[in-house]
Amino acid sequence: MIHAIRRIPRPELNAVGVSVVVGIVLLTIKFVAYYLTGSAAIFSDAVESIVNVMASLVALWALAIAHLPPDENHPYGHGKVEFVSAGFEGGMILLAAVFIFVSTVNTIFFHFRDMGPKQIDVGLVLIVMAMLINGAVGVMLIRVGRKQRSLTLEADGHHLMIDAYTSVAVLVGLGIVRGTGWMWADPIVAVGIAVYIALAGLRLLREALGGLLDAQDMADEKALVDLLRTHVGTEGTDPQICSFHKVRHRHSGRYHWVDFHIMVPADLNVADGHRIASRIEYAMEHLLGEGNATAHIEPCDNPDCEHCGRRS
């Protein structure tokens with residue numbers, strides 16, 4: 001595992017390392033805040049921080065596996081482990097939401113007399129600290145994830161941003177209790193947080209499942225088709241082709257796999273056909289960042305093809 005971790009690019013390793021350390025620190029801060037205040041809303045925020053730490057550790061494992069090179073058993077590489085990581089994170093978020101909801105309902109129905117936060121000012125200060133740190137680290141992870149094309153880092157960053165948003169809700173709830181003395185605001189905010197993070201967890205699960213099932217990325221689809229269109233016809237960019245069809249693509253984490261068919265003049269020799277295919281494949285791979293494109297060459301059978309007509 002240590003050997004695999006060393007393969008992680010330095011920006012990604014630094015980002016996930018910061019995520020793990022900050023997650024542990026914030027977990028401690030929030031449970032201290034809960035211990036001092038007894039707030040149901042702070043408890044819900046603290047439970048989500050447990051998920052943050054677990055998700056960051058899984059993200060480290062996923063990045064290490066994702067960067068392993070293709071082998072005999074995994075000729076397409078190990079990139080899809082990033083979808084597994086995102087799915088795990090979504091599942092943990094969903095479980096945390098259920099736990100928060102059940103715990104809050106239990107407090108409302110069976111511990112109503114004890115309900116209500118104490119030492120609210122201390123809790124407010126600690127939660128503000130946690131919110132600012134979470135927001136800063138979340139933005140950093142999203143930026144690094146997008147730059148490195150890492151779904152794992154992006155998912156972890158979005159999770160931290162969700163945590164920051166829930167901290168805002170906690171602050172609102174505690175502010176209402178402090179300003180009005182209405183104790184119901186605290187558990188109501190806790191239930192609201194549970195619903196919000198449950199929806200976020202379901203969204204992550206849906207995205208991860210889409211990746212595992214090779215769902216088409218419509219932005220990639222448009223980019224690939226637009227590139228191929230620039231090479232079609234007598235006015236097309238060199239190398240020119242007659243037409244194209246059967247464009248298919250999928251993700252393996254950050255890595256893209258594309259296959260497509262191109263029609264070329266029937267009298268073209270093998271070497272020229274290979275040259276055309278290779279140049280378009282290279283352009284696609286450069287467009288996608290990390291990927292492998294494979295062209296299937298077919299003879300043009302359109303008697304009205306302008307490109308073929310110009311060659312005759």
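Mentor: The account below concerns the packing of the helices first, and then the sheet and the loops beside it.

This is a predicted model, in which local features need pLDDT of at least 70 and side-chain atom pairs count only at pLDDT 80 or more, while totals for chains, interfaces and linings use all residues. Residues are numbered from 1 along each chain as its sequence is written, and side-chain values use heavy atoms, with hydrogens and water left out.

Helix 6 has 30 residues and spans 43 Å from its first C-alpha to its last, close to the expected 44 Å; the expected span is 1.5 Å times one less than the number of residues. Just after helix 6, Gly-181 has a positive phi of about 80 degrees.

One partner of helix 6 (residues 151-180) is helix 5 (residues 120-148), whose axis comes within 7 Å of that of helix 6 and crosses it at roughly 160 degrees. Axes here are lines fitted to C-alpha atoms, for helices over the stretch in contact, and angles run from 0 to 180 degrees between N-to-C directions. Helix 5 is therefore roughly antiparallel to helix 6 (angles under 35 degrees count as roughly parallel, over 145 as roughly antiparallel, 65 to 115 as roughly perpendicular and the rest as oblique). The crossing of helix 5 with helix 6 is left-handed, a term for a near helix turned anticlockwise from the far one by less than a right angle, whereas clockwise gives right-handed. The contact of helix 5 with helix 6 has 19 nonpolar, 9 polar and 6 charged residues. In this scheme Ala, Val, Leu, Ile, Met, Phe, Trp, Tyr, Cys and Pro are nonpolar, Asp, Glu, Lys and Arg are charged, and the others, Gly among them, are polar. Helix 5 has 29 residues and reaches 41 Å from first to last C-alpha, close to the 42 Å expected. Arg-149, which follows helix 5, has a positive phi near 60 degrees.

Helix 3 (residues 40-66) also packs with helix 6: their axes come within 10 Å and cross at roughly 170 degrees. This makes helix 3, too, roughly antiparallel to helix 6. Among the residues that meet are Ala-41, Asp-45, Glu-48 and Asn-52 of helix 3, and Thr-152, Asp-156, His-159 and Asp-163 of helix 6 (contact means heavy atoms within 4.5 Å). By class, the contact of helix 3 with helix 6 has 12 nonpolar, 7 polar and 4 charged residues.

The sheet is open and has 3 strands in the order 1-2-3, with mixed pairing (two strands pair if DSSP finds at least two bridges between them). Strand 1 (243-252) and strand 3 (291-299) are the edges, each with a single partner strand, so one side of each lacks a neighbour in the sheet. Strand 2 (residues 255-264) pairs with strand 3 in the parallel sense over 9 bridges, and Val-264 has Pro-299 of strand 3 as its bridge partner. Helix 8 (residues 218-229) packs on this sheet, touching strand 1 and strand 2.

Helix 8 also packs against helix 9 (residues 270-288) at about 145 degrees, with the axes 11 Å apart, in a right-handed crossing. The residues of this contact comprise 9 nonpolar, no polar and 1 charged.

Finally, the loop between helix 8 and strand 1 contains Pro-239, and the peptide bond from Asp-238 to Pro-239 is cis, with omega near 0 degrees.

Terms used:
Helix = DSSP H or I, 4+ residues; strand = E, 2+ residues; numbered from the N terminus.
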